[in-house]
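Reader: Could you take me through one part of this model up close? I'd like to hear about the nonpolar core and the charged pairs that go with the picture.

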Amino acid sequence: MNAFRQNIPDKTFETLNQQGGFSRLAVSPGIINKHYTPAQFQKIAEIVGEKGAIKYSASYSILLSIPSSELTEATRALQEAGLFVASSGPHIVMKACDFCDGEKMEAVPQTEQLYQALDGITVPVRMRVNVNGCASACYNPTYDDIGLVYQHESFDVYLGAIPMGTKAQAGTLFAKRVGIDHIEDFLLQIIRLYQDQARSNEPFYKFYRRTKSNADWELVKKSIE
Ligand code: SF4
């Protein structure tokens, strides 16, 4: 029973939110790297201290609840410890598999390039782009807004996933074998459609499912022919 009733923390994100004055940070060792060092864990513990809370999330990151007044200083200290602090708000957020703990690095240059080009772009509702380095797709890219699966100098692109909830559903294959030289422009076209045509607060999967028979999507597909 220790995993249940005897293991409920005094301070949860919920209780701290009710108390007010706390902000949330999503921290990870990197977009690809999933290993923390002991020094990084020590830094996290030091920053959160007795006041805040730490929990793991489903998005490959650890969430920290810290006093809002300490946000800037905490972000700086975490970054100095080599940790990646995800931006909050309605932006594109990049995710990736661990590329077999760095053993299968073929798609890493493209992943990095996509990160530089896309991460942080403002969109109507926060949107995740998940890159996996081979067809094993172990980090579930088809369950993110845009799923990319690398194969032979190209990416298969999946769209329309409902990431969570009782109606959760994988996305469907939108385009096969988009070459590495075209993938950035291809994704930017998709993002522009979403920015220009989405309704207020419309998540990407709703937007895609509502508009996918429009000619604009065919034009995006044709851009790689
Ligand atoms: S998706 Fe492929 S490259 Fe990525 S961790 Fe899994 S097996 Fe390795």
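Author: First, a term: a nonpolar core here is a set of buried Ala, Val, Leu, Ile, Met, Phe, Trp, Tyr and Cys residues joined through side-chain atoms within 4.5 Å. Keep in mind that this is a predicted model. Its largest nonpolar core has 38 residues, and Ile146, Leu148, Val157, Leu187, Ile190 and Phe204 have the most contacts inside it. The biggest contribution comes from helix α6 (residues 183-197), which gives seven residues. Apart from that core there's another, of 13 residues, including Ile44, Ile47, Ile66 and Ala74.

Let's zoom in on valine 157. Leaving out neighbours within four places in sequence, valine 157 is in contact with Ile146, Gly147, Leu148, Thr172, Leu173, Phe174, Ala175, Val178, Ile183, Phe186 and Leu187.

Now for the charges. Lysine 176 and aspartate 156 form a salt bridge, with their closest N and O atoms 3.2 Å apart. This pair links distant parts of the chain, since lysine 176 sits in strand β9 (residues 172-179) and aspartate 156 in strand β8 (residues 154-159), 20 residues apart. Aspartate 156 is buried, at a relative accessible area of 3%.

Glutamate 70 and lysine 51 make a salt bridge too, at 2.8 Å from N to O. Glutamate 70 is in the loop between β3 (62-67) and α3 (71-80) and lysine 51 in the loop between α2 and β2 (53-56), so the pair ties together parts 19 residues apart in sequence. Here glutamate 70 is partly exposed at 29% relative accessibility, and lysine 51 is partly exposed at 47%. In total, the structure holds eight salt bridges.

Methods: Residues are numbered from 1 along each chain as its sequence is written. This is a predicted model: local features need pLDDT of at least 70, side-chain atom pairs count only at pLDDT 80 or more; totals for chains, interfaces and linings use all residues. Side-chain values use heavy atoms; hydrogens and water are left out. Buried means under 20% relative accessible area, exposed over 50%, partly exposed in between (1.4 Å probe, protein chains only). Helices (H or I, at least four residues) and strands (E, at least two) are DSSP runs, numbered from the N terminus. Contact means heavy atoms within 4.5 Å. A salt bridge is a side-chain nitrogen of Lys or Arg within 4 Å of a carboxyl oxygen of Asp or Glu.
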